[in-house]
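Here is a briefing on one protein chain. It moves from the overall fold to single residues.

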Amino acid sequence: MYGTFGLLNAEPLPPKLLPDYSKDPNEVLIDCASYIIEHSQILTILQYNSMNTNDLPTWVPDWRHESWCPIPFAAEAYKGCHCRVLREIRALEVDAIIITKVSRIGPRLKSRGLNETLTSAWSTFFADAEDNLGNTENAVWGYSSFRKALWQLLLVFDLSRQDLHEAGWHLGVAEEIPPLFFWEETISMQTYGTQSRCLENALSELEATVPEKYLFRGMDDSIGIMCQPDIEPNEHDIVCTIIGSYADFVLRGYADGYKIIGRCERSKRGNLTIGEVGLHQWAGTTHLYAFYEELWSNSDAQQILIY
């Protein structure tokens, strides 16, 4: 951490950030997060906690672990953001808008066994997800199946891990969704072969980002996926956005406030779905920032403490 302090726009360094190699490493991380939040009010840093360190406050990123997604440089603060660090109780005071609550917990894609094929592993995962989370009596948000809605969520999730301005392979896969998972229609053997290859290539890409991420269902009928691995939500955890963070989080009640369980990606933003907006527009920063800023401006927020 000390090696990066020369990049800070601070001359001289504040006393709490002066290098002190006798200080506990966790205290150094808390000091750094507190300085960034108090002096810049940039709350996007809340997205980058790996949630792998139990003895840190959940609002403090642990830069010793890999972040779940690329960290943007030259981030700017949202002008309507309120945040205050309460060092004596190791809490962060912020404004939050509660969106929904977790209603059901789904499976996570486990690492594939040596004798398990790519397609069979994913087929089992989709079937388990539908058994746990699907509303099979109705079409989901105009899609032909729950599996298609989940498929698009996973593509968006993978896309958010990459350069948001590169088309990559996602658009073609989204437009030509292989019906192998979705039981949509009878197809010719030639089409089956083409779509099988398309599906296998897509699953190989997704296998690098999706495993060990829990799925869940919200009370608003959204499908969600936790961004950090091995982080399991509980029923009745709240899903909210923290004003200034440009993200959704799962929070769990703690003392007189909450702890961040993890960041999540969901299939709904307000009344919009991924299918209605389009894959790349949904994942791109223009739609993302516009959605959150409109939500923050037009919704009643509540002040909460995050521990």
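A residue counts as buried when its relative accessible area is under 20%. By that cut-off, 14 of the 14 residues of helix α3 are buried, so α3 is largely enclosed by the rest of the structure. The model is predicted.

**Whole chain**

- The protein chain holds eight helices and ten strands.
- It has 307 residues, and 51% of them count as buried.
- Take the contacts in the chain with a separation of 6 or more: residues 24 or more positions apart account for 68% of them.
- The chain exposes about 15,000 Å². Carbon and sulfur atoms supply 48% of that area.

**Helix α3**

- Helix α3 covers residues 146-159.

**Strand β5**

- Strand β5 runs over residues 238-242. Five of its five residues are buried.
- Side chains in a regular strand alternate between the two faces of the sheet.
- In β5, Ile 238, Cys 240 and Ile 242 point one way. Val 239 and Thr 241 point the other way. Both sets are buried.
- β5 pairs with β2 in the antiparallel sense, over five bridges. Within β5, Ile 242 stands opposite Ala 96.
- β5 also runs antiparallel to β6, joined by four bridges. Val 239 has Val 250 in β6 as its bridge partner.
- β5 and β6 form a hairpin with five residues between the strands. Gly 244 in this hairpin takes a positive phi near 105°.

**Strand β7**

- Strand β7 spans residues 257-266 and is mostly covered. Nine of its ten residues are buried.
- β7 is joined to β6 (residues 248-254) by seven bridges, and the two run antiparallel.
- Val 250 has Gly 262 in β7 as its bridge partner. Val 250 in β6 is also the bridge partner of Val 239.
- β7 also pairs with β4 (residues 223-226), antiparallel, over three bridges. There, Gly 224 has Arg 266 in β7 as its bridge partner.
- The hairpin of β6 and β7 has two residues between the strands. Ala 255 in that hairpin takes a positive phi near 50°.

**Positive phi in loops**

- Most residues other than glycine have a negative phi.
- Arg 90 is not a glycine, yet its phi is positive, about 55°. It sits in the loop between β1 (83-86) and β2 (91-108).
- Is Arg 90 buried or partly exposed? Its relative accessibility is 33%, so it counts as partly exposed.
- Asp 230 is another residue other than glycine with a positive phi, near 65°. Its place is in the loop between β4 and β5.
- Asp 230 has a relative accessible area of 49%, so it is partly exposed. The exposed class begins over 50%.

Key:
Residues numbered from 1 in each chain as written. Predicted model: local features only at pLDDT ≥ 70, side-chain atom pairs only at ≥ 80, totals over all residues. Heavy atoms only, no water. Buried < 20%, exposed > 50% of the residue type's maximum accessible area, 1.4 Å probe, protein only. Pairing = 2+ DSSP bridges. Contact = heavy atoms within 4.5 Å. Areas by Shrake-Rupley, 256 points an atom, 1.4 Å probe, with all protein chains shown as cover. Expected span 1.5 Å × (residues − 1).
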